[in-house]
Amino acid sequence: NPTQGSLSVESGIQGVATIYTIDGKEVGKYNISANRTDVVLPSDMAAGVYMMRFKGDDGSTQLVRLVFKP
């Protein structure tokens, strides 16, 4: 973090990662497998700070800040 458009998500469980703008607009949703998943962000995203929420199939959630600098 920061990223230029791609990132790897490592998790012990599978789930869904959703990327939001700071004001809450969803800009991408990705299925995440257990272990590692490579994610490519939408090409039309503007540079800035975003939030990524991971919701695991076991009900767990995690929220991380994502800085995008194309």
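**Close-up views of the structure**

**View 1. The largest pocket is lined by V9, E10, S11, M52, R53, F54, Q62 and V64.** Strands β1, β5 and β6 are the elements that each give two or more residues to this lining, where strands are DSSP runs of E at least two residues long, numbered from the N terminus. The volume of the largest pocket is about 150 Å³, taken as the space filled by probe spheres set on grid points that are joined across faces, edges and corners. A pocket here is an open set of points on a 1 Å grid over the protein atoms alone, with protein on both sides within 12 Å along at least five of seven lines, and the probe that must fit at each point is 1.4 Å; a lining residue has an atom within 4 Å of a point. The model is predicted, with local features needing a pLDDT of at least 70 and side-chain atom pairs counting only at pLDDT 80 or more, while totals for chains, interfaces and linings use all residues. Residues are numbered from 1 along each chain as its sequence is written, and side-chain values use heavy atoms, with hydrogens and water left out.

View 2. V9, one of the residues that line the largest pocket, belongs to strand β1. V9 counts as buried because its relative accessibility is 10%; buried means under 20% relative accessible area, exposed means over 50%, and partly exposed lies in between, using a 1.4 Å probe and protein chains only. Not counting residues up to four places away in sequence, V9 touches I32, N35, R36, T37, V39 and M52, a contact being heavy atoms within 4.5 Å. F54 is 45 residues away from V9 along the chain, and their C-alpha atoms are separated by 9.5 Å.

**View 3. N35 in strand β4.** N35, which is one of the residues that V9 touches, is placed in strand β4, residues 35–40. N35 counts as exposed because its relative accessibility is 59%. Although N35 is not a glycine, it has a positive phi of about 90 degrees. Most residues other than glycine have a negative phi.

**View 4. The largest nonpolar core.** This core has 14 residues, of which L7, I19, I32, V39 and L41 touch the most other members. Two or more residues come from each of β1 (6–11), β2 (15–21), β3 (26–32), β5 (48–56) and β6 (61–68), and β5 gives the most, with three residues. A nonpolar core is a set of buried Ala, Val, Leu, Ile, Met, Phe, Trp, Tyr and Cys residues joined through side-chain atoms within 4.5 Å. Leaving aside neighbours within four places in sequence, L41 is in contact with T3, G5, L7, I19, Y30, L66 and F68.

**View 5. The open sheet of four strands.** The strands follow the order β3-β2-β5-β6 with antiparallel pairing, and two strands are said to pair if DSSP finds at least two bridges between them. The edge strands are β3 and β6, each of which pairs on one side only. From one strand to the next the twist averages 20 degrees, an angle between the N-to-C directions of axes that are lines fitted to C-alpha atoms, on a scale from 0 to 180 degrees. Strands of a sheet pair through backbone hydrogen bonds, either parallel or antiparallel.

View 6. Strands β2 and β5 run antiparallel and are joined by seven bridges. T18 lies in strand β2 and, at 2% relative accessibility, T18 counts as buried. Apart from its neighbours within four places in sequence, T18 is in contact with E26, G28, K29, M51, M52 and R53. Y20 also has its place in strand β2, where it stands opposite M51 in β5. Y20 counts as buried because its relative accessibility is 17%, and it touches K25, E26, V27, Y50, M51 and R53, not counting residues up to four places away in sequence. V49 is 29 residues from Y20 in sequence and 9.3 Å from Y20 in space, C-alpha to C-alpha.

**View 7. The hairpin of β5 and β6.** These two strands pair in the antiparallel sense over eight bridges, and V49 stands opposite V67 in β6. Four residues lie between the strands of the hairpin, and G59 in the turn has a positive phi of about 95 degrees. R65 is found in strand β6 and counts as exposed, with a relative accessible area of 53%. The C-alpha atoms of R65 and G12 are separated by 20 Å, with the two residues 53 apart along the chain.
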